[in-house]
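Visitor: Please take me through this model, one question at a time.

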Amino acid sequence: MADRLPLYRGAQVRAMDRRAVEQLGIDSYALMQRAGAAAWQLLRGAWPQARRIGVACGPGNNGGDGYVLARLAREAGLQVHVVTAPGAHPRRDPARTALAAWRAAGGRVEAFDGLLPDVDVWVDAIYGIGLTRAPSDAVRSLIERINASHRPVLALDVPSGLDADTGHAPGIVVAARLTLSFIAPKQGLYTGMARDVDGEVRVDRLGLPPIDTELDPPSAWLVRDADLSAWLAPRHANAHKGEHGHVLCVGGEVGMGGAVRLCAEAALRTGVGLASVATRTAGVAALVAARPEAMTHAVEDARALAPLLERASVVAVGPGLGQGDWGRSLLAAAVASGKPLVLDADALNLLAAEPMPVPQAILTPHPGEAGRLLGMPTADVQADRYAAASAMAARYQAVIVLKGAGTVVAAPGRAPVVIGAGNPGMATGGMGDVLSGVVAALLAQQLPAFEAAVAGALLHAAAGDAAARVDGERGLLPSDLFPHLRRLANPA
């Protein structure tokens, strides 16, 4: 699947670190020196005018990386302040060696007393990848002051306070402008709360050999805009509409016809051969006028839906469906048809009320819908989005697209994929209806379900980013994505 970036849990990266020491013969302090040097080079490139550097060091090897950076910055002629929380003396030999080298170079260590020096850039070297709890009171106060300084921050490995595996912060967390992830990218840096605090993420292997994903199977994968071309090859010259599938969009309860219209148009803009709409009689005229290319049918009961289901290759159910008897009966008919499904919105709420396996389906919940599908609070879903997506995949035996910052795609037996695109402007009503149409269209164009979900979520997010670049994120409408969907669905 495309040229994806492998992501790892913290324990896996620590194992890689140990292997480098034990099998490659690299001294632990030498590896720390590489990390500090890589971070120093990144800082100089990002903030070349900086003359005063603050380095907040913790007691672990992350703090040792900070001491190395501090020494290199001082040797380059910069004014460097090293600040530690009370009791943060290094606990391991490599960090002790780094501290000794910093002091031998004339550097001082200042214990945090509630005030911070005035600097141009802060380096966060407080906690590494092992933290899964809220920071201590003393460290919380230090992080509060760093964030309140409004100076740019370079975080080493992960922003302190962030769980490297989940992307969740159980307490306060450093708000970084740049994060340099050592050895391998950590999966928690790409989804959920992490998207608010890690800024731009860079990865440095520290001179180690390239990762062998057979030896080190990733815990997740990241896909980005450039990966779209792997799924969206040009069509052959003799192509006809029958080769590109027929999506049936089911929804549009009275007063909600716009949702199913967005779904159908998204399917068309993503290249499906035919798109049909099954909706309430009252909404037919408006839909025909708004998008004549979508074949719109008045459907007042499941019996009227049957011939449309028979002709469709993929069925998208949920946009504007409602949770009344009409919506419930149409969802039941669609599930019973055995056709490949994309379920969103009220189809998910109905499924949550009467859970059952839907192995032919792709589910596209936002965190609130995911909570209902799993019977847990939304906050618990957001606390570990990878685990929540995988739990839904297991419960419903379906492909899951857990929407949000860093959308996560999961399926039984597959490592999750996180979408490295999208922006806050897409948090508006109707965006999910567009996503349903995009995913359904790619499924109809014969991509396997998991690949259709990943490619569809990525295409949708990339189109949202392209639309936001035109006039900004605030005020972005779902329909603003349509011209960009068409362009991005035809990569050069």
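**Strands and helices**

Guide: Val83 stands opposite Glu110 in E4. The model is predicted.

Visitor: How many bridges join strand E3 to E4?
Guide: Strand E3 covers residues 79-84 and runs parallel to E4. The pair of Val83 and Glu110 lies opposite each other. The number of bridges joining E3 to E4 is three.

Visitor: Which are the edge strands of the open sheet?
Guide: Seven strands form the open sheet, with parallel pairing, in the order E4-E3-E2-E5-E6-E7-E8. An edge strand pairs on one side only. The edge strands are E4 (109-111) and E8 (200-204).

Visitor: What angle does the direction of helix H2 make with that of E7?
Guide: Helix H2 (residues 28-46) packs on the sheet. H2 touches E2 (52-57), E5 (121-125), E6 (153-156), E7 (178-182) and E8. Its direction makes with that of E7 an angle of about 155°.

Visitor: Are helices H3 and H4 roughly parallel or roughly antiparallel to each other?
Guide: The axes of H3 (residues 61-75) and H4 (residues 93-104) come within 8 Å and cross at roughly 20°. Angles under 35 degrees count as roughly parallel. H3 and H4 are therefore roughly parallel.

Visitor: How do the residues of the contact of H3 with H4 divide into nonpolar, polar and charged?
Guide: H3 passes H4 in a left-handed crossing. H3 contributes Asn61, Gly64, Tyr67, Val68, Ala70, Arg71 and Arg74 to the contact, and H4 contributes Pro94, Ala95, Ala98, Leu99, Ala101 and Trp102. These residues divide into nine nonpolar, two polar and two charged.

Note on methods: Residues numbered from 1 in each chain as written. Predicted model: local features only at pLDDT ≥ 70, side-chain atom pairs only at ≥ 80, totals over all residues. Heavy atoms only, no water. Axes fitted to C-alpha atoms, helices over the stretch in contact; angles between N-to-C directions. Helix = DSSP H or I, 4+ residues; strand = E, 2+ residues; numbered from the N terminus. Parallel < 35°, antiparallel > 145°, perpendicular 65-115°, else oblique. Left-handed = near helix turned anticlockwise from the far one by under 90°. Contact = heavy atoms within 4.5 Å. Nonpolar A, V, L, I, M, F, W, Y, C, P; charged D, E, K, R; others polar. Pairing = 2+ DSSP bridges.
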